[in-house]
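Good morning, everyone, and thank you for making time for this. Please have the sequence and the structure open while I talk, and follow along as I go from one part to the next.

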Amino acid sequence: MLGLNKIILFLLIAPSRLLLIPLTLFLAFSDMDSVHPLPLSLNLPEEELRIIDFWRKSKIFETSLQQSLDKPRFTFYDGPPFATGLPHYGHLLTGTIKDIITRYAHQRGFNVERRFGWDCHGLPVEYEVDKQLGITGPNDVKRIGIKAYNESCRSLVMKYSDQWEVIVERLGRWIDFENDYKTMYPSFMESVWWVFRQLYDKGLVYRGIKVMPYSTACTTPLSNFEAGQNYKDTQDPSIIISFPLEGQPDVELIAWTTTPWTLPSNLALCVNPDKEYIKFEDINKKRKFIMMESRLSMIFKDPNEYNVIEKFKGGKMEGLVYVPLFTYFEQF
């Protein structure tokens, strides 16, 4: 009976190092006649390895799943990590939380299937392959062929799988690596499309717009995480652009920006309602413009290069409509 009590205690407390000693001592004092004296100090890392080895050899996790097959199902969606690197602190933290939730559900009488997964899609895999093959853009991919490129990606995704299994097991997490899933499996991709179709048929899918980071090299949008992986401080030019007014194509609003990469999605211009603005004609270009009067010297060094047509407060321009530089958002 003592051995069984020890197993139960280890199952419950091995992931929590701080509780290992007091609970084991409690067991020892509960039956002094049949317990060997405990050492004054324990090597906790060695003790954890011994417990993990016991779990593995005795197939404790697998047995717990078999014993609960007839129990109500508890579904837990575990977002898979990218398969292109080793675990970091974020993986260890979230993995521990996920392990707590699924263990608790099992102890509450549910059958909790836990399969490890691998995210094989997206830029992390492509980025690593591009470095290996010296690819700098879409033309390089076309040169080697889509099939060869995809094969290179597939061969890379499981590069670190063995190290992942060692680290996750060492963490004390119970999860099935033998029956893992990979997002590159056709069955997985088709299941995602099936779910999307169900959402579409129920009217839960809509089309909208969102400003996102974009990679001109990969010709694809980026997540904030992906964009932040290559963050750099760079010197970018400020530019001056003009926007023709609707209904007055011969008059253009002048704007200055330090973020020219935002212009493809530009939908508005800002003016100060209390500042003086000026409409003038550029004598050399034979074109009419509107801009803040105090900034004229930024464009013209000689006052004789322009003729003033009208002066007014910025508030007068509220509601004016102009022609955007790009037409990407016309339908919206």
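Let me begin with a term I need at once: a residue is called buried when its relative accessible area is under 20%, exposed when it is over 50%, and partly exposed in between, using a 1.4 Å probe and protein chains only. Helices (H or I, at least four residues) and strands (E, at least two) are DSSP runs, numbered from the N terminus. This is a predicted model, in which local features need pLDDT of at least 70 and side-chain atom pairs count only at pLDDT 80 or more, while totals for chains, interfaces and linings use all residues. Residues are numbered from 1 along each chain as its sequence is written, and side-chain values use heavy atoms, with hydrogens and water left out.

As an overview, the protein chain has 12 helices and nine strands, and buried residues make up 28% of its 332 residues. Contact means heavy atoms within 4.5 Å, and among contacts in the protein chain between residues at least 6 apart in sequence, 67% join residues at least 24 apart.

Now, which residues of helix α8 are buried? In this helix, which covers residues 146–156, they are Tyr149, Cys153 and Leu156. Seen down the axis of α8, these buried residues fall within an arc of 65 degrees, so they line one face of the helix; the arc is that of the directions from the helix axis to the C-beta atoms. What covers the buried residues of α8 includes α6 (123–133) and α7 (138–144).

Turning to α6 itself, its buried residues are Leu123, Pro124, Val125, Val129 and Asp130, and what covers them includes α8, together with β4 (220–221) and α11 (224–228). After α6 comes Gly134, whose phi is positive, near 70 degrees.

My next topic is salt bridges, where a salt bridge is a side-chain nitrogen of Lys or Arg within 4 Å of a carboxyl oxygen of Asp or Glu. A search of the whole structure finds 20 of them. Staying with α6 for a moment, Glu128 forms a salt bridge with Lys131, the closest N and O atoms being 3.7 Å apart, and these two residues, three apart in the helix, are separated by about one helical turn. Glu128 is partly exposed at 24% relative accessibility, whereas Lys131 is exposed, with a relative accessible area of 52%. Elsewhere, salt bridges that share partners join Asp53, Arg56, Lys57 and Glu169 into one network.

In helix α3 (residues 44–58), Arg50 and Glu47 also lie three residues apart, about one turn of the helix, and they form a salt bridge whose closest N and O atoms are 2.6 Å apart. Arg50 is partly exposed at 44%, while Glu47 counts as buried at 17% relative accessibility.

Lys98 is buried, with a relative accessible area of 19%, and Asp78 counts as buried at 16%.

Two backbone details come next. Lys59, found in the loop between α3 and α4, has a phi near 50 degrees, a positive value in a residue other than glycine, and Lys59 is partly exposed, with a relative accessible area of 48%. Lys286, in the loop between β7 (276–282) and β8 (287–292), likewise has a positive phi, near 60 degrees, and Lys286 is exposed at 62%.

That is where I will stop, and I am happy to take questions.
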